[in-house]
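Reader: I am new to this structure and would like to learn how to read it feature by feature. Could you show me the model, and then take me through what can be seen in it?

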Amino acid sequence: MIKPRVKICCISSIDEAMTAIEHGASALGLVGHMPSGPGVISDALIEQIARKVPPPVSTFLLTSETKPKDIIAHYKRVNTTTIQIVDALEKREYEALRQALPNVKLVQVIHVIDENSKQEALEIARYVDAILLDSGNPNLSIKELGGTGRTHNWEVSKQIRESIQIPLFLAGGLNKDNVKQALDAVQPFGLDLCSGVRTDGKLDAQKLKDFFIAIES
């Protein structure tokens, strides 16, 4: 199996960004306004961090906006390399995003809840550059759109990975103790984690080191 790319999410400062990169992160997640969950920072700080990150490393704007015009406006305030859409895009108007932002990668989050998630991923995969599977629940009264620290049903994740032709990132409750199991079960293109490499909300260099060692072992 090819070594997975690792995206460290919930980056809250330039220092955290550089620490993640030093330990091997190939992508960073920068969280915009959310109805719930950790890691939210201002658009001004997202823009500052994105500007400092060296070109080989991707920067993902996590946006909870659901209308194309609002996503485009959000992106133009931060100028990341990638947009991670964490909720359902209204009317699946991905073409509007492509036309306005032709050089920006689009990653759609699918929250793995049940078998319907598989069909959703299959339908959306033709519009985006990658799918990211997470453990939130957008159907709650206060939407969970990521950062839950929970795993989900990796068997469904594996079925999704086998059914789509684009890269798949796996998120949700990953840490050094379960990452090998996750890799064996799903064989994703990339891994995405937030709480699994943090202590009291702060990025933990030792946990980062242990996580990357676990992937290599």
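Predicted model: local features only at pLDDT ≥ 70, side-chain atom pairs only at ≥ 80, totals over all residues.

Author: Side chains of opposite charge can pair when their charged atoms come close. Here the side chains of R198 and E16 form such a salt bridge, with N and O 3.1 Å apart. The two residues belong to distant parts of the chain, since R198 sits in strand β9 (residues 198–199) and E16 in helix α1 (residues 14–23), 182 residues apart.

Reader: Is R198 buried or exposed, and is E16 buried or exposed?

Author: The cut-off to apply is that a residue counts as buried under 20% relative accessible area. R198 has a value of 8%, so it is buried, and E16, at 9% relative accessibility, is therefore counted as buried too.

Reader: How many salt bridges does a search of the whole structure find?

Author: The search finds eleven salt bridges. One of them joins the side chains of K3 and E216, at 2.9 Å from N to O. K3 lies in the segment before β1 (5–8) and E216 in helix α8 (residues 205–216), so this pair ties together parts that are 213 residues apart in sequence. K3 counts as exposed because its relative accessibility is 53%, and E216 likewise counts as exposed at 53%.

Reader: Which residue forms a salt bridge with E123?

Author: The partner of E123 is R92, and the closest N and O atoms of the pair are 2.7 Å apart. E123 belongs to helix α5 (residues 116–124), while R92 is in the loop between β4 (82–85) and α4 (94–100), so the bridge ties together parts that are 31 residues apart in sequence. E123 counts as partly exposed at 29% relative accessibility, and R92 counts as partly exposed at 32%.

Reader: Which strands pair with β6, and in what sense do they run?

Author: β5 pairs with β6 in the parallel sense over five bridges, and V107 stands opposite A130 in β6.

Reader: Finally, how do I read a pocket, and what is the volume of the largest pocket?

Author: Rolling a probe the size of a water molecule over the atoms shows where empty space is left. In this model the largest pocket has a volume of about 260 Å³. It is lined by 15 residues, of which S58, F60, T82, F169 and F189 are the closest to its centre.

Reader: What classes of residue make up the lining of the largest pocket, and which strands each supply at least two of its residues?

Author: The lining has eight nonpolar, four polar and three charged residues. At least two of the lining residues come from each of β3 (58–63) and β5 (105–111), and β5 is the strand that pairs with β6 in the parallel sense.

Methods:
Residues numbered from 1 in each chain as written. Heavy atoms only, no water. 1 Å grid on protein atoms, 1.4 Å probe; cavity = no way out; pocket = protein on both sides within 12 Å on 5 of 7 lines; lining within 4 Å. Points joined across faces, edges and corners; volume = space filled by probe spheres on them. Helix = DSSP H or I, 4+ residues; strand = E, 2+ residues; numbered from the N terminus. Nonpolar A, V, L, I, M, F, W, Y, C, P; charged D, E, K, R; others polar. Salt bridge = Lys/Arg side-chain N within 4 Å of Asp/Glu carboxyl O. Buried < 20%, exposed > 50% of the residue type's maximum accessible area, 1.4 Å probe, protein only. Pairing = 2+ DSSP bridges.
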